[in-house]
Every structure is written in structure tokens, then in C-alpha cells.
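Please find below my note on the model under review. The points proceed from the whole chain to single residues.

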Amino acid sequence: PRTVIRSAAGDLEIGGVSVADLKADYGTPAYLLDEEDLRARCRDFAAAFAEADVYYAGKSFLCKAVVRVVDEEGLFLDVCSGGELAVALAAGFPPERIGFHGNNKSESELRRALDAGVGRIVVDSFHEIARLTELSKQSNKRPGVLVRVTVGVEAHTHEFIATAHEDQKFGFSLAGGAAFAAAAQIIDEDVLDLRGLHSHIGSQIFDTSGFEVAARRILELQAQIRDARGVELPELDLGGGFGIAYTTQDDPSTPGDLAKRINKIVESECELASLRKPKLSIEPGRAIVGPSVFTLYEVGTVKDVDGIRTYVSVDGGMSDNIRTALYDASYSATLASRQSTAEPMLARVVGKHCESGDIVVKDEFLPADVQPGDLIAVPGTGAYCRSMASNYNHVPRPPVVAVRDGAARVIVRRETEDDLLALDVG
Ligand code: LLP
């Protein structure tokens, strides 16, 4: 994050507060959020995509304080469950700026979205269209609807987070004709207001050509709908998925670059098909909140295993960051509490959970004198870490502490063992 510096004393500072003070006040592990950085990322996307609506993808990380930041910075909000919707509404986010996603929204979730008056619902199946039609009639509402289209792009990312190749659960297939049929059905349904098409091709994507192919294919469908049904859909959502740098090897595009490429391809495709340019929207999650957070851990043990590798155990692990175990994700780590002149040594930063796959950072050079009591920072943990955290081994989930201008405040408190026990009945 941009307000992280190393102080003259050698320790890291975030938002003007030293990690030693943060550790003393909030303990470890803790997610430390650079609020100025988060706000700057919101503004960067809003400025780069000035003619588009930028929906922050709440699944990457959501709590009331972040909802308020997103609101204050003028973004829209994408939620994908009743729980995320509840957080958004509890924080007072304007419902008309909320988009509701999900491949299996329940009747009660849809009803709550209708009651709240969310701006749009992205439909994902024929069953959902039928369900939403019925509920809209019952509640006398006419929701704005987008059709999620599977455009058949193989995004170059981990298989589990790539979502637009054909054989997966999301969206209506473009190639198979389901996307056209879904749009046609909604156009015929008076109680639904079809506003446009939607495509999300995957996550942590660096190669922007995937977005270009997706935009081209989806605009072809848009032209087909116009030709067959005489309707020019006014909106187009190209989803999120913009990659961030987890290590020095990653080289992400800036929001400005992305906006230029996406606008260019949309404009040229619209010209080709004589379509009016639809109002664009995007849904970045990771690229907004990911880089704004680092996790602060304390080292508990250092173990040299037969000269093969040194294992540095920290006081968290796969319960606060499952991404390394789940996606073979790469992270980096830095000694945060001091500077050392010791030789670098190849280390593996591991957690405290009862399995050997509990790895936080696979390979990192740490100073050879790293020892218990040292603090380690793992950057880039703002997205899909707290939001995917678990209580594995009954380890309470860490707090999220927002730091800005020399002041820190807890925005999600640390879980306690009492919190965990509170769910046990009897
Ligand atoms: N829009 C839709 C419809 C999505 O499904 C997603 C993410 C996004 C936007 C936001 O994508 P982002 O800009 O954050 O990449 N747990 C995985 C990522 C799963 C992403 C799911 N959908 C991970 O930790 O990498």
C-alpha cells in the first residue's frame, strides 16, 4: 500500500502508525488496512472509468466500514448473497446503487433484494428468471435485470476462479443459444426490465485480451437481440477480475490502461454493428481492496529441516489466508519489526494449523537471524483472505484494523473463543 514506509528505526509503518504500536494495541495476527490507499484505489477506478459505473465486488472483502468508504467514494456495490446485502443495507448503502449476483439466489434472497429496491439483479438461470418473475408480480415491482452470459473465453488463471469457459456453473451459454433465449424471455416478461448483458471471465487476470474477446462476443449477441427483437439494450457489464501484484513477478495494468483498452474495443464493436454505445459497468474487487491490506503475524518458531528448508511458523495461517493452500497462490513476506543485516535465507512461512498444506508463503528470502517474537508482514491480503477466513482448529478470526493519518481503528473486531463457543448448543 502507498502509505507503508520503513521508519528510521527500521520497523514498518502503515498509515503513520508503527507495526510495534499496532501489535501492542491489537495483537497478531491482524489484517492492517491502509484506508488512504483503499480510497485512492476507488478514486483511480472511478476516474479511469469516468463514463462507466464501477461496482466494488463485495465478495473480496466486506464490512460496514468498507461499505461506507465505497459509498463516500461514489462507487456502486456488487453483492452476491443475502448476507452481503444485509451488510450493505446495515451500513446505509443506497440500494439503487447495489447489483445482486449469484447462481442460486434463494426465494428469500430475491424477495429481500426486491423489497430493498436494489438497482439491478444479474440473473443466472431459467429457474431464477421464473422465480424472479413470480416474486416481482407478487410484490408489484419491476426490477432492472442483466443476463449473465458465458462468453467462452478461457481466462489464464487458476481453473477454480476462471468462470467464462463453457463447462462451469455460471451464466447462460452464448454458443449454445441459452443467452439469447434468456434475453428474449425477459424482454417478453412485462414485470422484468431487461437492462443489459453481463460477462465475468475470471479473476486475477493479467492478459487484457480476454476482456476484449468477451466484449466483442457479447456485443455480437447484443446486435443479434436488436435484429431479432428490435431492442437495443442500454447497459453492458464486463465484470471484474483485474489482476494485482502479489510478488515482484506480477505486472498488472493500471485502471487507466484497462479503461482505454476496454473503451476502444467497445467503441469499435459498436461501430461495426451500428449499435449505440451502452453504458458500461465493471466489478473490480481484488484490484480495489487487495493491495490495501497486509497481514501482520508474529513468528513463534523457526525450524531448520535437515538443511533442506527453514520453516518459519507464524500465529495464523490457512484460517486467515486459504489462498496459498487452495489456489497455490504466491505471496511475499517481509520482516516488519526491524531491519536485519543477516544473510538472506530461503524460508517457508507456515501457519499454526494441523496440516502440512498450511502454508502462507511458499518461498521467501528472510534474514537468517529471524527469530520468535519478530513480526512478519504479508502484503496483498485485502481480497479473499478475511472474506474466506475460517475457524479451522477453533482459531478465532483476526481483526481488521484501518489505519489513516497516524490513527488506527478496528473495523472488524477479533473473534474470541466465546464467539466460537456461542454457536455450540447444549
Ligand atoms: N464480478 C463477478 C460476477 C464475480 O464473480 C467476481 C468474482 C467479481 C466480479 C470480482 O472479481 P475480482 O475483481 O475480485 O477478481 N476466491 C478467489 C476469487 C473468486 C472470485 C469470484 N468472483 C480468489 O481468492 O482468488
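**Note on the predicted model**

1. Among contacts in the protein chain between residues at least 6 apart in sequence, 70% join residues at least 24 apart; two residues are in contact if their C-beta atoms, placed from the backbone, lie within 7 Å. The model is predicted: local features need pLDDT of at least 70, side-chain atom pairs count only at pLDDT 80 or more, and totals for chains, interfaces and linings use all residues. Residues are numbered from 1 along each chain as its sequence is written.

2. Along the principal axes, the C-alpha atoms fill a box of roughly 70 × 55 × 40 Å.

3. The chain holds twelve helices and 21 strands, which are DSSP runs (helices H or I, at least four residues; strands E, at least two) numbered from the N terminus.

4. Strands β1, β2 and β3 form an open antiparallel sheet in that order, where pairing requires at least two DSSP bridges between two strands. The edge strands, β1 (4–6) and β3 (17–18), each pair on one side only. Two bridges join β2 (residues 12–14) to β3, and Ile14 stands opposite Val17 in β3.

5. His394 lies in the loop between β19 (375–379) and β20 (400–404). His394 counts as exposed because it has 9 C-beta neighbours inside 10 Å; the cut-off for exposed is 12 or fewer, with C-beta atoms placed from the backbone.

Terms used. A residue is buried if 20 or more other C-beta atoms lie within 10 Å of its own, exposed if 12 or fewer, and partly exposed in between; C-beta atoms are placed from the backbone.
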